[in-house]
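Me: I'd like to learn how to read a structure like this one, feature by feature. Could you take me through it?

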Amino acid sequence: MSENVFTSNPLFQHTLSLEDYRARKVALITGNGQDGSYLAELLLSKGYEVHGIIRRSSSFNTGRIEHIYKDFHETGVKFFLHHGDLTDSTCLVHIVAQVQPTEVYNLAAQSHVKVSFDMSEYTGDVDGLGTLRLLDAIRTCGLADRVRFYQASTSELYGKVVETPQKETTPFYPRSPYGVAKLYGFWIVVNYRESYNMFACNGILFNHESPRRGRTFVTRKITRAVADIHLGRQECLYLGNIDAQRDWGHARDYVEGMWLMLQQDEPEDFVLATGETHTVRSFVEKSFAVTGRKLVWQGEGVNEVGKDAETGKVRVRIDPKYFRPAEVDLLLGDPTKAKEKLGWTRKVTYDELVTEMVVADVQGGLNNNTSN
Ligand code: NDP
Ligand code: GDR
């Protein structure tokens, strides 16, 4: 019979002082997507032992962390994966008990806003109740006063525009099942902080992208299509609402902000944003410009098209299937608090972000690399 981690593990019996426990620097990250991969790299570079929770999948889902995981076998990098799911409380308790983390970063989520309208109950379960399950797993293991907890909250909480720029004090008005589920996640974190004195923080992060961004989010969908059009493999890109405005930064900058939040003396909630907003339309134009093409727009509404200025070929069309039942029209964040208290600012500019993503997708296309 396997040993009982609740009674046999000396760490669990608190034989370590709080200071010695925390000095171990052991991080547990849920979600190995875009952010999880950058965060794991950052924490490993800071000397942490890093544990990830990964869902069982019939197909390959470790593409973004493969380079770190491989290193473990070859060089002994302290990165470990555990099968688990935010819908399964029992496994969360076991993982927390085994890992005995000093910091927990809850990044796992059904993170696609449009999909959340189709899978609303599941999104609520994972993104809302999943956060509660993880917090409770920490409490169940008697670690509420030892673990620092980061929750991946989102600018989607702001949803309908109440004020701009949006900051920590701006009232929430979510516009999707995803936003509403994340609202539960936000408040349960605040509630556990106030009820059980947990060091738990919400990072209210505005959109952040990278070459590792999932392919169905608009920026990556655009940069991949622009690369494929450049390489002669695709004719046209189909999009929904190209007038939506977003505050886009680079994911690598944002994971640094997550870590900084957990190094403060007191737990607080922070907005991370660039303080600039751009339309989807602008992202499309800039992406084509990176490959040397200029786009001109013609027509109106769903009939509007983006044509190559030189060849006249239609490169962008509107497909209403990408419209959402309710849209978030404008996101623009005010990162002043993060700048003043964390010393955090974004480093990568909008132009640099677009260029990096397009170049990576052209390069990936040339190498026939279909990962992420
Ligand atoms: P991704 O979609 O790239 O990654 C989400 C990860 O969560 C994936 O590894 C996914 O696994 C995992 N996951 C999904 N469901 C479950 C589940 N039930 N149990 C365990 N793991 C699960 O998201 P990002 O990296 O972009 O975002 C990280 C977090 O930050 C998310 O919570 C997102 O909602 C939030 N956020 C993101 C922003 C952004 O602009 N990127 C902005 C603000 C907040 P699999 O790979 O198997 O699908
Ligand atoms: P968002 O990101 O909903 O802001 O959520 P997404 O890239 O999906 O959409 C941004 C805007 O682009 C418009 N849009 C399209 N979107 C997609 N995905 N596909 C299209 O074809 C398309 N055409 C236009 C959308 O309508 C929207 O206005 C992201 C996620 O990472 C969340 O998890 C995170 O919480 C928020 O950012 C902050």
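**Helix packing, ligand shells and backbone**

Reply: Happy to, starting with a pair of helices: the axes of α3 and helix α10 (residues 251-261) come within 9 Å and cross at roughly 60 degrees. Keep in mind that this is a predicted model.

Me: How should I read a helix pair in general, and what is the handedness where α3 passes α10?

Reply: The general idea is that two packed helices are described by the angle between their axes and the distance between the axes. In this case, α3 passes α10 in a right-handed crossing. On the α3 side the contact involves Gln-34, Asp-35, Tyr-38, Leu-39, Leu-42 and Leu-43, and on the α10 side Ala-251, Arg-252, Val-255, Glu-256, Met-258 and Trp-259. Sorted by class, that contact has 8 nonpolar, 1 polar and 3 charged residues.

Me: Which residues make the contact between α11 and α13, and at what angle do the axes of these helices cross?

Reply: Helix α11 (residues 280-290) and helix α13 (residues 350-366) have axes that come within 9 Å and cross at roughly 55 degrees. The two helices are therefore oblique to each other, and the crossing of α11 and α13 is right-handed. From α11 the contact takes Phe-283, Lys-286, Ser-287 and Val-290, while α13 brings Asp-351, Val-354, Thr-355, Val-358 and Val-359. The residues of this α11 and α13 contact divide into 5 nonpolar, 2 polar and 2 charged.

Me: And how far apart are the axes of α9 and α13?

Reply: Those axes are 8 Å apart, and α9 and α13 pack at an angle of about 50 degrees. This pair is therefore oblique, and the crossing of α9 and α13 is right-handed. In α9, Thr-219, Arg-220, Thr-223, Arg-224, Val-226, Ala-227, Asp-228 and His-230 meet Met-357, Val-358, Asp-361, Val-362 and Gly-365 in α13. By class, the α9 and α13 contact has 5 nonpolar, 4 polar and 4 charged residues. Notice that Val-358 of α13 takes part in the contact with α11 and also meets α9.

Me: Let's zoom out. Into which domains is the protein chain divided?

Reply: The chain is divided into domain 1 (5-210 + 248-272) and domain 2 (218-246 + 278-327 + 349-366). Their C-alpha centres lie 32 Å apart.

Me: How is the size of an interface often given, and how many residues of each domain are in contact here?

Reply: As a general idea, the size of an interface is often given as the accessible area lost when the parts come together. For this model I can give you residue counts: 9 residues of domain 1 are in contact with 11 residues of domain 2. On the side of domain 1 that touches domain 2, α6 gives the most, with 3 residues. That side of domain 1 has 3 nonpolar, 3 polar and 3 charged residues.

Me: Now the ligands. How many residues surround ligand 1, and which are the closest?

Reply: Ligand 1 is surrounded by 26 residues, of which the closest are Gly-31, Gly-33, Ala-108, Ala-109 and Ala-152. Both α3 (34-45) and β5 (148-154) supply at least two residues of this shell, and the largest share, 3 residues, comes from α3. The shell around ligand 1 divides into 8 nonpolar, 15 polar and 3 charged residues.

Me: Where does ligand 2 lie relative to the domains?

Reply: Domain 1 and domain 2 both give residues to the shell around ligand 2, so ligand 2 lies between them. There are 23 residues around ligand 2, and the closest are Val-113, Thr-154, Val-218, Gly-240 and Ala-244. The elements giving two or more residues to this shell are α6 (113-118) and α9 (218-230). By class, the shell around ligand 2 has 10 nonpolar, 7 polar and 6 charged residues.

Me: One last topic, the backbone. Which residues does a cis peptide bond join, and what is the phi of Gln-100?

Reply: In general, most residues other than glycine have a negative phi, and most peptide bonds are trans. Here, a cis peptide bond joins Thr-164 and Pro-165, with omega about -10 degrees. Pro-165 sits in the loop between β5 and α8 (177-196). Gln-100 is not a glycine, yet has a positive phi of about 50 degrees; look for Gln-100 in the loop between α5 (89-99) and β4 (103-106).

How values were computed: Residues are numbered from 1 along each chain as its sequence is written. Chains are lettered from A and ligands numbered from 1 in the order in which they are written. This is a predicted model: local features need pLDDT of at least 70, side-chain atom pairs count only at pLDDT 80 or more; totals for chains, interfaces and linings use all residues. A residue is near a molecule or strand if its C-beta atom, placed from the backbone, lies within 6 Å of it. Helices (H or I, at least four residues) and strands (E, at least two) are DSSP runs, numbered from the N terminus. Ala, Val, Leu, Ile, Met, Phe, Trp, Tyr, Cys and Pro count as nonpolar, Asp, Glu, Lys and Arg as charged, and the others, Gly among them, as polar. Domain bounds come from an automatic or database domain assignment. Axes are lines fitted to C-alpha atoms, for helices over the stretch in contact, and angles run from 0 to 180 degrees between N-to-C directions. Angles under 35 degrees count as roughly parallel, over 145 as roughly antiparallel, 65 to 115 as roughly perpendicular and the rest as oblique. A crossing is left-handed if the near helix is turned anticlockwise from the far one by less than a right angle, and right-handed if clockwise. Two residues are in contact if their C-beta atoms, placed from the backbone, lie within 7 Å.
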